[in-house]
Amino acid sequence: MVVTGKDQVMQRVRQSLRDTVSGGFRRIGFQAMGTWCQVQFVAPSTTAGDYFVQKAVRWVAEFETRYSRFLPDSLLTSINLAAGRAWVEIDEETERLLSLCHELHFLTRGAFDPSALPLLKLWNWKANPPRIPLESEIRAALELTGWRKVQRKPGAVFLPQPGMSLDLGGIGKEYAVDRVIQLAQEHGLCAALVDFGQDLRVHGLPPDKPAWHIGLEDPTQPGQCWAGLAIRDRAVATSGDYLRNFMCAGRRYGHILDPRTGYPVDNGCLAVSVVASTCTIAGALSTTAFILGPQEGFRLLESYCGAAGCLISNHSRQQTKNMYEYIIP
């Protein structure tokens with residue numbers, strides 16, 4: 001019997017699944033996409049809740065199966081292995097994802113680039129001991145990076161240079177949050193909060209409360225919150241490198257790379273939190289603002305219609321004017 005990546009992912013998700021009821025909510029949690037995923041919701045009936053749980057868990061497992069770069073039989077791995085050789089057929093959802101990548105690349109002025117996997121492989125912040133890539137290695141990886149090089153046509157995608165590769169880690173969790181919220185709406189759930197690795201979105205209202213209360217972690221004191229938000233039918237995403245980084249030769253290197261330079265971000269930013277209509281947009285804006293830095297990043301947050309944000313740097317905390325609508329006094 002051949003065990004596929006799909007089998008492995010589904011087994012892991014099912015073995016990690018926790019399903020409890022408390023405080024008027026049904027809560028499920030499971031391990032997927034390299035993080036702990038949580039969903040809390042209120043369903044019109046036990047049967048409706050059971051059906052939603054089955055659909056949501058299966059959808060997330062299948063999503064990881066298709067788009068994980070760590071699975072040898074995933075669609076994303078097939079695309080990467082075919083670089084420089086052949087077009088790869090893709091389904092409608094993959095077309096939507098790649099179209100979204102294209103839009104976000106344009107929106108973020110190139111700071112969001114799903115083709116930056118060659119650079120990500122160079123900077124392994126988990127390595128022990130850590131290693132700083134050579135300048136020649138970074139230049140070579142930059143030659144294989146660039147979303148504009150990716151070729152697309154209806155139903156297919158092609159990476160024209162051998163060694164090019166895609167990684168959807170910068171959009172995957174956020175997109176999955178939005179899709180699970182969509183499933184919650186389709187199944188008639190009265191209220192839901194979907195939180196995948198602290199990127200989250202809410203639907204409806206929690207029992208007996210006027211809004212969902214969300215804490216924003218203090219990057220200078222991880223584990224503690226510097227503010228609370230009250231949100232309704234919105235999404236919240238935070239980007240920062242204060243938890244994932246390494247020290248080498250007395251210098252700190254974070255895990256968020258600037259795909260335009262090939263180096264980890266080092267501009268004084270500690271964390272950026274964004275409230276937006278979807279988790280995908282919130283995540284793209286928070287990461288981009290973090291990469292752009294305190295001045296240019298904050299200008300991006302202020303200029304984006306329908307979003308609010310806060311940028312915390314070494315020396316300041318900047319909030320867009322409409323962020324005060326969400327902060328709990």
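What is the accessible surface of the chain, and what share of that surface belongs to carbon and sulfur atoms?

**Figure 1. Surface of the chain in the predicted model.** The accessible surface comes to about 15,900 Å². Carbon and sulfur atoms account for 51% of this accessible surface. Of the 329 residues of the chain, 54% count as buried.

**Figure 2. Overall fold and dimensions of the chain.** Nine helices and 18 strands make up the secondary structure of the chain. The chain is as compact as a globular protein of 329 residues, because its radius of gyration, 20 Å, is close to the 20 Å that the globule rule gives for that length. Along the principal axes, the C-alpha atoms fill a box of roughly 60 × 55 × 40 Å.

**Figure 3. Contacts across the sequence.** This view concerns contacts between residues at least 6 apart in sequence. Among these contacts, 60% join residues at least 24 apart.

**Figure 4. Strands and residue classes in the lining of the second largest pocket.** Two or more lining residues come from each of β13 (251-254), β15 (263-264) and β16 (269-276). The largest share, four residues, is given by β13. Sorted by class, the lining of this pocket holds seven nonpolar residues, together with four polar and four charged ones.

Notes:
Residues numbered from 1 in each chain as written. Predicted model: local features only at pLDDT ≥ 70, side-chain atom pairs only at ≥ 80, totals over all residues. Heavy atoms only, no water. Nonpolar A, V, L, I, M, F, W, Y, C, P; charged D, E, K, R; others polar. Rg over C-alpha atoms; globule rule 2.2 N^0.38 Å. Buried < 20%, exposed > 50% of the residue type's maximum accessible area, 1.4 Å probe, protein only. Contact = heavy atoms within 4.5 Å. Areas by Shrake-Rupley, 256 points an atom, 1.4 Å probe, with all protein chains shown as cover.
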